[in-house]
Amino acid sequence: MSDLHDEVLRWYAAAARDLPWRRADATPWGVYVSEIMLQQTPVSRVEPVWHDWMHRWPTPADLAAESPGEAVRAWDRLGYPRRALRLHAAAVAITEQHNGVVPESFDQLLVLPGVGTYTAAAVSAFAFGIRVPVVDTNIRRVHARLVGGVAQAAASLTAAERDLAAELLPEDPSEAATWNVAVMELGALVCTARAPRCGACPVADRCAWQLAGAPAYDGPARRGQKWAGTDRQVRGRLLRTIREADGPVERPALDVVWHDQTQRERALSSLVEDGLVEPLPGDRFALPR
DNA sequence: CAGACGTGGTA
DNA sequence: TTACCAAGTCT
């Protein structure tokens with residue numbers, strides 16, 4: 001084991017958070033659910049919802065037996081609710097095509113709805129200990145600083161970044177699995193985007209970015225996501241109203257959430273199109289059955 | 001490949 | 001208060 005691996009793994013053993021989906025008693029399904037929920041969503045908001053889901057649907061078959069609408073309701077306010085729909089669809093696929101057992105391989109995971117390259121690698125590595133490089137935003141940032149000597153990773157994932165992640169992965173499978181989660185944790189706790197705690201970093205002495213004097217990011221400004229006035233905001237309001245209602249919602253209850261009728265109708269139609277909302281007779285709307 | 005897609009905490 | 005940020009995926 002190289003010094004780099006040794007330092008990071010030692011740090012992880014001492015500093016890792018005690019997250020429920022990382023505990024020894026976490027099931028592959030629990031890991032899977034956590035990875036979907038954690039997409040673009042902070043740990044603190046995921047934790048309570050994850051516990052609810054694990055209690056209610058401890059296996060893929062349990063979720064598959066429910067209606068997709070119940071998954072959307074239980075998703076609560078985690079955001080990007082299509083993830084709930086895809087998680088439900090994945091539970092159905094796992095139940096029908098894999099005998100209810102979460103598949104282990106990257107390729108089998110990748111074809112499940114809502115699973116991209118990051119999640120396929122993460123589930124394969126974290127739930128099954130398979131030696132596969134995981135590349136998420138934390139790991140990309142750590143690599144950009146530690147090896148690249150720059151403050152931020154590129155705007156989009158490059159082939160060079162994939163190659164680097166593969167090169168840095170320890171040979172030993174068990175060590176490799178821990179390495180992935182350790183680098184991710186380092187990025188989440190120490191090598192953070194805004195105010196990195198380099199004084200607490202186990203590899204600051206060999207960090208290319210530190211050695212270069214921690215230069216500020218000098219590339220083009222990244223466009224922030226718009227929110228106010230967008231269809232996303234309207235969709236959020238509409239779905240929240242429907243999600244929090246006991247039964248089907250009448251049209252007037254939706255009319256009041258947004259003033260612009262054209263945009264309101266467009267947003268509602270897109271929710272129906274996505275399968276997040278089901279139109280019912282009598283101009284009523286509900287979560288999908 | 002750039003843009004769409006939620007939500008809420010923090011500086 | 002505006003703007004950025006949080007374990008991405010899909011088209």
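Let's start with the second largest pocket, whose lining counts 8 nonpolar, 6 polar and 11 charged residues. Here Ala, Val, Leu, Ile, Met, Phe, Trp, Tyr, Cys and Pro count as nonpolar, Asp, Glu, Lys and Arg as charged, and the others, Gly among them, as polar. This is a predicted model, where local features need pLDDT of at least 70 and side-chain atom pairs count only at pLDDT 80 or more, while totals for chains, interfaces and linings use all residues. Residues are numbered from 1 along each chain as its sequence is written, chains are lettered from A and ligands numbered from 1 in the order in which they are written, and side-chain values use heavy atoms, with hydrogens and water left out.

**The pockets**

A pocket is found on a 1 Å grid over the protein atoms alone: it is an open set of points where a 1.4 Å probe fits, with protein on both sides within 12 Å along at least five of seven lines, and its lining residues have an atom within 4 Å of a point. Its volume is the space filled by probe spheres set on the points, which are joined across faces, edges and corners.

The second largest pocket has a volume of about 660 Å³. Leu78, Gly79, Tyr80, Pro81 and Arg82 are the closest to its centre, out of 25 lining residues. Helix α13 gives the most to this lining, with 7 residues, and α6 (82–97) also supplies at least two. Helices are DSSP runs (H or I, at least four residues) and strands are too (E, at least two), numbered from the N terminus.

What about the largest pocket? It holds about 1,000 Å³ of space. Its lining has 33 residues, and Leu38, Tyr118, Asp136, Asn138 and Met184 lie nearest its centre. Two or more lining residues come from each of α2 (28–37), α8 (117–128), α9 (137–146) and α11 (173–189). By class, this lining splits into 15 nonpolar, 11 polar and 7 charged residues.

**DNA strand B**

A residue is near a strand if one of its heavy atoms lies within 4 Å of it. By that rule, 18 residues surround DNA strand B, and the closest are Pro81, Arg223, Gln225, Arg232 and Arg235. Helix α13 (residues 231–244) turns up again here, giving the largest share of this surface with 5 residues. Charged residues number 9 on this surface, next to 4 nonpolar and 5 polar ones.

**DNA strand C**

Around DNA strand C there are 26 residues, with Gly114, Gly116, Thr119, Asn138 and Arg194 the closest.

**Polar contacts**

A polar contact is a pair of N or O atoms within 3.5 Å; within protein, one must be able to donate a hydrogen and the other to accept it, and residues adjacent in sequence count only if both atoms are side-chain atoms. Here are some with the DNA:

| Protein atom | DNA atom | Distance |
|---|---|---|
| Arg45, polar side-chain atom | base oxygen, DNA strand B | 3.0 Å |
| Leu78, polar backbone atom | base nitrogen, DNA strand B | 2.9 Å |
| Gln225, polar side-chain atom | base nitrogen, DNA strand B | 2.2 Å |
| Tyr118, backbone N or O atom | phosphate oxygen, DNA strand C | 3.3 Å |
| Arg141, polar side-chain atom | phosphate oxygen, DNA strand C | 3.4 Å |
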